[in-house]
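Colleague: Before I use this model, I would like to go through the labels attached to it. Please give the value and the criterion behind each one.

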Amino acid sequence: MIVFIIAGGDINPEFAKGFIADHSIDKTLFIACDSGFESCQLIGVSPDIVVGDFDSVSDKSDRSHVVL
């Protein structure tokens, strides 16, 4: 299993997409940490687990599928 932990901060979407494509396998787990949730949305990844207090996540983010 490969686990990607995506944290907040600046992200290069093209690099991130390429890195994930090059290193993903059948069993891949995505964990978004706080504003890393928005980074996941930016690169088209649906995180399996989201952790954090969401204080840095924009109100415009689609959190409809996040269970708190």
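Colleague: What pattern does the chain follow along the sequence?

Modeller: This is a predicted model, and read along the sequence its chain follows β-α-β-α-β. That comes to two helices and three strands.

Colleague: What share of the chain counts as buried?

Modeller: Of the 68 residues, 31% count as buried. The chain exposes about 4,600 Å², with carbon and sulfur atoms supplying 55% of that area.

Colleague: Which residues make up the largest nonpolar core?

Modeller: The core has ten residues in all: Phe4, Ile6, Ala16, Ile20, Phe30, Ala32, Phe37, Cys40, Ile43 and Val45. At least two residues come from each of β1, α1, β2 (28–33) and α2 (36–43). Helix α2 gives the most, with three residues. In soluble globular proteins, nonpolar side chains tend to be buried together.

Colleague: What makes phenylalanine 4 count as buried?

Modeller: Its relative accessibility is 10%. Buried means under 20%, so the label applies. Leaving aside neighbours within four places in sequence, phenylalanine 4 is in contact with Phe19, Ile20, His23, Ser24, Thr28, Leu29, Phe30 and Ile31.

Colleague: How many aromatic pairs are there, and why is the pair of phenylalanine 4 and phenylalanine 19 called edge-to-face?

Modeller: The count comes to three aromatic pairs. In the pair of phenylalanine 4 and phenylalanine 19, the ring centres are 6.2 Å apart and the planes stand at 80°. Centres within 6.5 Å make a pair, and planes over 60 degrees apart make it edge-to-face, so both parts of the label follow. Phenylalanine 4 lies in strand β1 and phenylalanine 19 in helix α1, so the pair ties together parts 15 residues apart in sequence.

Colleague: Is phenylalanine 19 buried or partly exposed?

Modeller: Phenylalanine 19 is partly exposed, with a relative accessible area of 36%. Together with Phe4, Phe15 and Phe30, Phe19 forms one aromatic cluster.

Colleague: Why is the contact of glutamate 14 and lysine 17 called a salt bridge?

Modeller: The N to O distance between the two side chains is 4.0 Å. The criterion is a Lys or Arg side-chain nitrogen within 4 Å of a carboxyl oxygen of Asp or Glu, so the label applies. The structure holds one salt bridge. Glutamate 14 and lysine 17 are three residues apart in helix α1, which separates them by about one helical turn. Side chains of opposite charge can pair when their charged atoms come close.

Colleague: What accessibility do glutamate 14 and lysine 17 have?

Modeller: Glutamate 14 is at 58% relative accessibility and counts as exposed, while lysine 17 is at 38% and counts as partly exposed. Exposed means over 50%, so glutamate 14 takes that label.

Colleague: Which residues form a nonpolar patch on the surface?

Modeller: Met1, Val3 and Ile5 form the patch, with about 340 Å² of accessible area together. Valine 3, in strand β1, is partly exposed at 42% relative accessible area.

Colleague: Where is aspartate 34, and what is its phi?

Modeller: Aspartate 34 is in the loop between β2 and α2. Its phi is positive, about 50°, although aspartate 34 is not a glycine. Most residues other than glycine have a negative phi. With a relative accessible area of 19%, aspartate 34 is buried; the cut-off is under 20%, so the label holds.

Colleague: Is aspartate 10 buried or exposed?

Modeller: Aspartate 10 is exposed, with a relative accessible area of 87%, and sits in the loop between β1 and α1. Its C-alpha atom is separated by 8.5 Å from that of serine 39, 29 residues apart along the chain.

Colleague: How do you know that proline 13 is in contact with Ile43?

Modeller: Contact means heavy atoms within 4.5 Å, and by that rule proline 13 is in contact with Leu42 and Ile43, neighbours within four places left aside. The C-alpha atoms of proline 13 and isoleucine 43 are separated by 5.7 Å, with the residues 30 apart along the chain. Proline 13 lies in helix α1 and counts as partly exposed at 26% relative accessibility.

Methods
Residues numbered from 1 in each chain as written. Predicted model: local features only at pLDDT ≥ 70, side-chain atom pairs only at ≥ 80, totals over all residues. Heavy atoms only, no water. Helix = DSSP H or I, 4+ residues; strand = E, 2+ residues; numbered from the N terminus. Buried < 20%, exposed > 50% of the residue type's maximum accessible area, 1.4 Å probe, protein only. Patch = residues over 30% accessible without salt bridge, like charges linked within 9 Å, V, L, I, M, F, W, Y side chains within 5 Å. Areas by Shrake-Rupley, 256 points an atom, 1.4 Å probe, with all protein chains shown as cover. Core = buried A, V, L, I, M, F, W, Y, C linked by side-chain atoms within 4.5 Å. Phe/Tyr/Trp six-rings, centres within 6.5 Å; stacked < 30°, edge-to-face > 60°.
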